[in-house]
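Here is a short briefing on local geometry. Please keep the structure open while reading.

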Amino acid sequence: MKQKILIKNTTVVNEGKSVLADVLLSDGFIQQIGTINIEPNYKVIDGTGKHLFPGIIDGQVHFRDPGLTHKGDLYTESKAAIAGGVTSFIDMPNTVPNILTVESLKEKYEIASKKSLANYSFFLGVNGENIDAIIKTDTSQFIGVSDDGLYFTKKGNLLADNPETMEKLFANCKSIIAIHSEKEEIIEHNEKAFREKYGDDIPAKFHPIIRSTEGCYEATKRAIELAKKHNARLHILHLTTEAETHLFQNDIPLQEKKITTEVSVHHLWFSDKDYERLGMLIKWNPAIKTEEDKDGLLKALLDDKIDIITTDHAPHTLEEKQQPYFQSMSGAPMVQHSLNCMLEFYKQDLISLEKIVEKMCHNPAILYGITNRGFIRKGYYADLTLVDLNNQWTVAKDNLLYKCAWSPLEGTTFHTKIIQTFVNGKLIYDHGIFQENSFGMPIEFSNK
Ligand SMILES: [Zn+2]
């Protein structure tokens with residue numbers, strides 16, 4: 001008889017409620033939730049005093065595979081994700097090669113099937129050159145299109161800087177269009193002014209003045225106008241300013257929204273006060289902005305103008321980060337600690353457990369049309385994470401799983417700990433130990 005896993009006597013956090021229950025996993029799926037008697041073929045896990053969450057679905061990561069694997073790869077970064085309670089992720093197209101065709105997309109799926117311990121999906125990249133091909137492609141072949149990260153390879157690759165390309169895409173592409181929303185023109189103007197004053201050595205604290213609120217707001221406002229005109233399905237990635245939050249709606253359910261947005265954990269966690277301490281380590285695009293922006297983003301998350309939480313996990317080596325302003329790479333690793341960060345806000349009474357689960361698990365599934373994941377429901381994939389809400393530990397080099405081996409959170413003490421993570425019904429992470437050679441699955445989705 002096949003072994004089943006019974007998680008006994010745990011607090012199940014799901015769909016707006018936290019309820020004491022047992023959960024039975026069988027053949028990759030959730031078979032039963034309620035009061036369940038132990039049978040001889042059950043492996044029993046005592047969940048007493050612990051909380052069971054649906055596995056997190058991270059809608060924006062850069063795992064660097066293929067081509068940039070000195071920074072991270074689908075094996076190392078998916079392990080870090082799982083240790084952080086993340087069981088599924090959607091990866092961005094700015095690998096080498098850039099993922100600009102369905103053929104390269106298929107190759108990436110092939111690599112993931114042999115390396116990723118978590119479930120995976122991938123954006124198809126879009127720029128001015130492949131737009132005609134994308135418009136002709138059957139949208140059921142990809143979860144969404146995105147320009148995120150592609151501007152690193154070539155200036156002018158952002159849709160926000162190419163209104164005609166963006167409009168053509170909105171008019172003709174029915175899939176989710178996820179954009180990096182900043183106006184390069186405004187940024188370049190600011191860069192020039194600071195370069196005149198500081199040369200190459202611009203202090204990190206000026207990053208949010210260069211990649212300014214205006215640069216974000218103008219791009220987001222324009223993108224929303226154009227998407228509305230064409231009734232397109234627009235998703236604005238990693239929102240960073242309080243000002244932009246007012247451009248989004250909260251008076252209709254997520255299922256009905258044509259225009260959605262997200263916040264990345266670091267924009268809720270850090271503010272411009274941290275540049276002094278962390279310098280280029282917290283250089284992200286779009287930039288970490290003010291304390292007021294940070295508070296405004298949390299407020300918009302709580303009142304549903306912001307739909308999901310992502311990490312934008314973007315590992316670089318320390319050497320690539322610790323460079324003068326213009327050479328220092330933007331982005332940092334976050335995927336191992338996103339749930340811990342959010343649970344720290346819970347500890348501070350800033351957000352409920354149910355809201356965290358809504359924004360990190362349920363809503364990414366709804367937003368991307370992901371099938372049978374993101375909820376603790378009978379018949380759904382058993383993607384779960386068991387968390388101890390009273391366990392103190394400190395982020396240090398020796399407990400990081402990233403290939404790049406550093407984190408902007410080193411020295412941070414968390415008061416919650418991820419104990420176990422289940423992927424497709426298997427206990428993949430158990431108190432720091434991984435079940436290796438058990439790979440995730442491609443995420444199934446329905447493109448409406
Ligand atoms: Zn990104």
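Strands S2 (residues 17-26) and S3 (residues 29-34) pair antiparallel, over five bridges. This is a predicted model.

- Strands of a sheet pair through backbone hydrogen bonds, in either a parallel or an antiparallel sense.
- Two residues separate S2 from S3, and the two strands form a hairpin.
- Asp27 sits in that turn, with a positive phi of about 55°.
- S2 also pairs with strand S1 (residues 4-14): the two run antiparallel and are joined by eight bridges.
- Opposite Lys17 of S2 stands Asn14.
- S1 and S2 form a hairpin too, with two residues between them.
- Glu15 lies in the turn between S1 and S2, and its phi is positive, at about 45°.

**Parallel sheet S6-S7-S8**

- Three strands make up an open sheet, ordered S6-S7-S8, with parallel pairing.
- Which strands are at the edges? They are S6 (56-61) and S8 (119-122), each of which pairs on one side only.
- From one strand to the next, the twist averages 20°.
- Four bridges link S6 to S7 (residues 86-91) in the parallel sense.
- Ile56 has Val86 in S7 as its bridge partner.

**Helix pair H13 and H14**

- Two packed helices are described by the angle between their axes and by the distance between those axes.
- For H13 (residues 338-347) and H14 (residues 353-367), the packing angle is about 150° and the axes are 10 Å apart.
- H13 is therefore roughly antiparallel to H14, as angles over 145 degrees count as roughly antiparallel.
- The crossing of H13 past H14 is right-handed.
- H13 brings Ser338, Leu339, Met342, Leu343 and Tyr346 to the contact.
- H14 brings Leu353, Ile356 and Met360.
- By class, the contact of H13 with H14 counts seven nonpolar residues, one polar residue and no charged residues.

**Cis peptide bonds**

- Most peptide bonds are trans, and most residues other than glycine have a negative phi.
- Val96 and Pro97 are joined by a cis peptide bond, with omega at about 5°.
- Pro97 belongs to the loop between S7 and helix H2 (102-115).
- Asn285 and Pro286 are also joined by a cis peptide bond, with omega at about -10°.
- Pro286 lies in the loop between helix H10 (275-278) and helix H11 (291-302).

**Positive phi in two loop asparagines**

- Asn372 is not a glycine, yet its phi is positive, near 60°.
- The loop between H14 and strand S15 (384-388) holds Asn372.
- Is Asn372 buried or partly exposed? Its relative accessibility is 30%, so Asn372 counts as partly exposed.
- Asn424 is not a glycine either, and its phi is positive, at about 50°.
- Asn424 is placed in the loop between strand S18 (417-423) and strand S19 (426-430).
- Asn424 counts as buried because its relative accessibility is 12%, and the cut-off for buried is under 20%.

Notes
Residues are numbered from 1 along each chain as its sequence is written. This is a predicted model: local features need pLDDT of at least 70, side-chain atom pairs count only at pLDDT 80 or more; totals for chains, interfaces and linings use all residues. Side-chain values use heavy atoms; hydrogens and water are left out. Axes are lines fitted to C-alpha atoms, for helices over the stretch in contact, and angles run from 0 to 180 degrees between N-to-C directions. Angles under 35 degrees count as roughly parallel, over 145 as roughly antiparallel, 65 to 115 as roughly perpendicular and the rest as oblique. A crossing is left-handed if the near helix is turned anticlockwise from the far one by less than a right angle, and right-handed if clockwise. Contact means heavy atoms within 4.5 Å. Ala, Val, Leu, Ile, Met, Phe, Trp, Tyr, Cys and Pro count as nonpolar, Asp, Glu, Lys and Arg as charged, and the others, Gly among them, as polar. Two strands pair if DSSP finds at least two bridges between them. Buried means under 20% relative accessible area, exposed over 50%, partly exposed in between (1.4 Å probe, protein chains only).
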